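Subject: Structure handover

Hello,

Please find the structure below, followed by my notes on it.

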Amino acid sequence: MCEEWILKLRDVKEILNADVIGGEEKLDIEVTTAFGADLMSDVLSFAKAGCLLLTGLTNTQVVRIANVLDMAAIILVRGKKPPAETISMAKSLQIPILTTKYILFETAGRLYAKGIVGCVEKVDTGSEQT
Amino acid sequence: MIPAVNKPENTLNNYSFDIEGGNFNTAGTVSMRIKAILKEKGLPGDVVRKSAIVCYEAEINIVSYARKGIINLTVTPENVEIDVADEGPGIPNIEQAMEPGYSTASQQIREMGFGAGMGLHNINFYSDKFDISSEVNKGTSLRMIISATPLTKDLE
Amino acid sequence: MNIATIAKELNLKVISASDRIENNNVKGGYTGDLLSDVMANSHEGDIWITRQVHQNIVAIATLKEHAAVVLVNSCEPAKDTLEKAIQENVPLLISDLSAFELTGRIYNLLKTEK
């Protein structure tokens, strides 16, 4: 019998050759969706609870937004190292941060190939709010 | 830091927070606090989430454009009511400002990841009722109402 | 793989420089919205995936010699962006997919080509 393979955060760490900065205790959480952006407004517009946030932004706002939206973890791309205040905020809010050297294109590509999907698949222009 | 205004007890339903314009270090902390309060009160997850998002967008707008502002939170059995008022340049053309993508953000703000021009649009989208008024060279006021259907708790 | 193939596979809407999409070969991809980062780190021949809609994207795409720029989330370019893209003959495309989804699919298309 085949069991459906759902990725855990520790698998994401392996796939991305990532370092874990805070949130080691959460490496067994399951992850199925992701959202990639450098503009925070898009994250607020579209990202869903429980998804991975892939971004090159390292300021504390990223952590606050991840908290506001109940995101599973933050993946910092392009080898970006977050400043101390970002790390301490993430730790106090128990939001895991992983850092990878891969660029966002490579990061999203690898995760997509392993079965992670966008937390939003499509956005229709016509579906703008009334 | 978040100004301590009210005692952090679940019996209170009115909260008020001051926001400093230009302070991106603390921007977002009020929204996080509001989210925690609403969660403590046992409001449904989607109500908490929507409220946190509209607060966050409003808070970032104050920090990005105004000199200072205030966010008032009122929780009733029916609704989460969020009133925002700032002192700042105001908005000359509200309809234009509501358009997705319209932004007057500086380069500095864009480099921080903001200024995509979705703030007011998002607020409108996530609110069940949204009113906005503004006066150039004075400031802007917002009122957002998010319907809260209490599941188990009596909020009074 | 050229832009035309990617556009066809992924249902992308071409809104400028359609005469170049057959010739422009895609060597790699770059996904990002921070312009200074894209300037610093993207490469010639990249397909640039972004939701930035203001006219600076055309200048960057030209300077970095990107194969094309694709706007995600069904974002429409600003009016002067489109005009500039036409003027500079930079292929501009629109996708209704999110950045993550589009990147994933393009990444895998490019991988299967190799």
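What percentage of the contacts in chain B with a separation of 6 or more comes from residues 24 or more positions apart? The share is 63%, where two residues are in contact if their C-beta atoms, placed from the backbone, lie within 7 Å.

Some conventions first. This is a predicted model, in which local features need pLDDT of at least 70 and side-chain atom pairs count only at pLDDT 80 or more, while totals for chains, interfaces and linings use all residues. Residues are numbered from 1 along each chain as its sequence is written, and chains are lettered from A and ligands numbered from 1 in the order in which they are written.

Chain B

Chain B contains five helices and five strands; helices (H or I, at least four residues) and strands (E, at least two) are DSSP runs, numbered from the N terminus. Their order along the sequence is β-α-α-β-β-α-α-α-β-β. Chain B has 156 residues, and 42% of them count as buried, that is, with 20 or more other C-beta atoms within 10 Å of their own, again placed from the backbone (12 or fewer is exposed, in between is partly exposed).

Chain C

Chain C also has five helices and five strands, but here the elements run α-β-β-α-β-α-β-α-β-α from the N terminus on. Of its 114 residues, 48% count as buried. In chain C, residues 24 or more positions apart make up 50% of the contacts with a separation of 6 or more. The C-alpha trace of chain C spans about 35 × 30 × 25 Å along its principal axes.

Two strands pair if DSSP finds at least two bridges between them. Strand 3 (residues 46–50) and strand 4 (residues 68–71) of chain C run parallel and are joined by four bridges. C:Ile49 has C:Val70, in strand 4 of chain C, as its bridge partner.

Interfaces

Between chains C and A, 21 residues of chain C are in contact with 25 residues of chain A. On the chain C side, the elements that give two or more residues are strand 2 (28–31), helix 2 (35–41) and helix 5 (99–113). Helix 5 of chain C gives the largest share, seven residues. This side of chain C divides into six nonpolar, 10 polar and five charged residues, with Ala, Val, Leu, Ile, Met, Phe, Trp, Tyr, Cys and Pro counted as nonpolar, Asp, Glu, Lys and Arg as charged, and the others, Gly among them, as polar.

The contact between chains A and B takes 17 residues from chain A and 20 residues from chain B. Helix 2 (40–46) and helix 3 (60–68) of chain A are the elements that give two or more residues to the chain A side, and helix 2 of chain A gives the most, with five residues. The residues of this side of chain A are six nonpolar, six polar and five charged.

Regards
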